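Subject: Structure for you to look at

Hello,

Here is the structure I said I would pass on. Please open it alongside this message; my notes follow below.

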Amino acid sequence: MKFLFLIFLCSLNLCHTEGSGSAVTFPGYKVVRFVPQNQEDVEAAKKMEENPGILVLRQAGSVNQSMDVAIPPHMQTDFMSAARKQMPSSIMTENLESLIDRESMQLAMDESSSSTQTFEAVFTQYMPLEAVNQFIIQLQNLHPDMVNVSTYGKSVEGRELQMVKIEREGGSENKHIMLMDGTTHAREWISTMQTIYFMNELCEQDTPEVNKILDNFVVFVVPVVNPDGVDPNRNFDFGFGGIGSSDDPCSEVYHGPFPLSAPETQALSEVISSLKPMLYLCMHSYSQMMLHSYGCSQPGEINEREAEHVKYFISRSMLPIY
Ligand SMILES: [Zn+2]
């Protein structure tokens, strides 16, 4: 049975950077949460999301599931008064930029003291792409019998797309394939660190949980699906152009000109087709959700009951941590 899980975890990590390394800023942006009360509100919220001036942090999905948007100063009065007439809202953050500034300052402080940090301290901060690439090579050097780093393609700006294979001798004779990826969305920094942490645990820990995984799976991890900062999420060929995507190139949810038009999705889809993973975990952030396939109306072979069962066990194990 194949499962495709999209895991959305905590955190508000919003500052995406351009290829050149210069940071995009959000001066005066407010983060506002709208909560649809009925189906009419849900439709209105979806209409709001199409407004190219706002930044959608969490899309509206159903009644009582909130939509979070960052609104620039020049739109705040009109947009918010219109939206507030429709459904309840609350301001989550008065000034998005100051939050980001604070986080950048913390990162700079962490970096300046990095010479005194231990290997474990890696997990207390976010990693830029170069550090991720260094980390996986370091992991391979430390565990050459288990870890193999390879390149599976190039991004649109020519950066190498890296994949890590982790396999340990022993255990089951017919191991399944597990694939995990992170950083589909450039602003979801913690999803990179989730993959880094997971790889490190597999290599460094000798616990029953880790043994269970490595006795039964060959694990492949793509820590950075999207090293340039484009949004490839809606560019895959399955259910292309469906609900939650747009053909407007200015939209936050633009799906691209045609399926797999981005080299990142093309390369990853070839990896998926050749590996045929039994378990595929896609790490995202913002919100506390676990989604399983299919997120569109395409018919599929998923066993809903079994998927719910797995989701129940995952959420139960995560509950004590959050
Ligand atoms: Zn995401």
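Valine 147 stands opposite isoleucine 166 in β7. Strand β6 (residues 147-154) and β7 run antiparallel and are joined by 7 bridges; two strands count as paired if DSSP finds at least two bridges between them. Strands (E, at least two residues) and helices (H or I, at least four) are DSSP runs, numbered from the N terminus. β6 and β7 form a hairpin with 5 residues between them, and glycine 158 in the turn has a positive phi of about 85 degrees.

This is a predicted model, in which local features need pLDDT of at least 70 and side-chain atom pairs count only at pLDDT 80 or more, while totals for chains, interfaces and linings use all residues. Residues are numbered from 1 along each chain as its sequence is written.

The largest nonpolar core has 29 residues, of which Val164, Ile166, Met199, Val219 and Val221 touch the most other members. Such a core is a set of buried Ala, Val, Leu, Ile, Met, Phe, Trp, Tyr and Cys residues joined through C-beta atoms within 7 Å. Buried means that 20 or more other C-beta atoms lie within 10 Å of the residue's own, with C-beta atoms placed from the backbone. Among the elements giving two or more residues to this core are α4 (129-142), β7 (160-166) and α5 (189-204). Apart from it lies another core, of 17 residues, including Phe26 and Tyr29.

Leaving aside neighbours within four places in sequence, valine 164 is in contact (C-beta atoms, placed from the backbone, within 7 Å) with Ile136, Val147, Val149, Met199 and Val221.

How do α4 and α5 pack? Their axes are 11 Å apart, at an angle of about 10 degrees. Axes are lines fitted to C-alpha atoms, for helices over the stretch in contact, and angles run from 0 to 180 degrees between N-to-C directions. α4 is therefore roughly parallel to α5, a term for angles under 35 degrees. Val132, Phe135 and Leu139 in α4 meet Thr192, Ile196, Met199, Asn200 and Cys203 in α5.

There is also an open sheet of 4 strands, in the order β3-β4-β2-β5, with antiparallel pairing. Its edge strands, β3 (55-58) and β5 (89-93), each pair on one side only. The twist averages 30 degrees from one strand to the next. Helix α2 (residues 73-86) packs on the sheet and touches β2, β4 (67-71) and β5.

Regards

Technical notes: Contact = placed C-beta atoms within 7 Å. Buried ≥ 20, exposed ≤ 12 C-beta atoms within 10 Å, placed from the backbone. Parallel < 35°, antiparallel > 145°, perpendicular 65-115°, else oblique.
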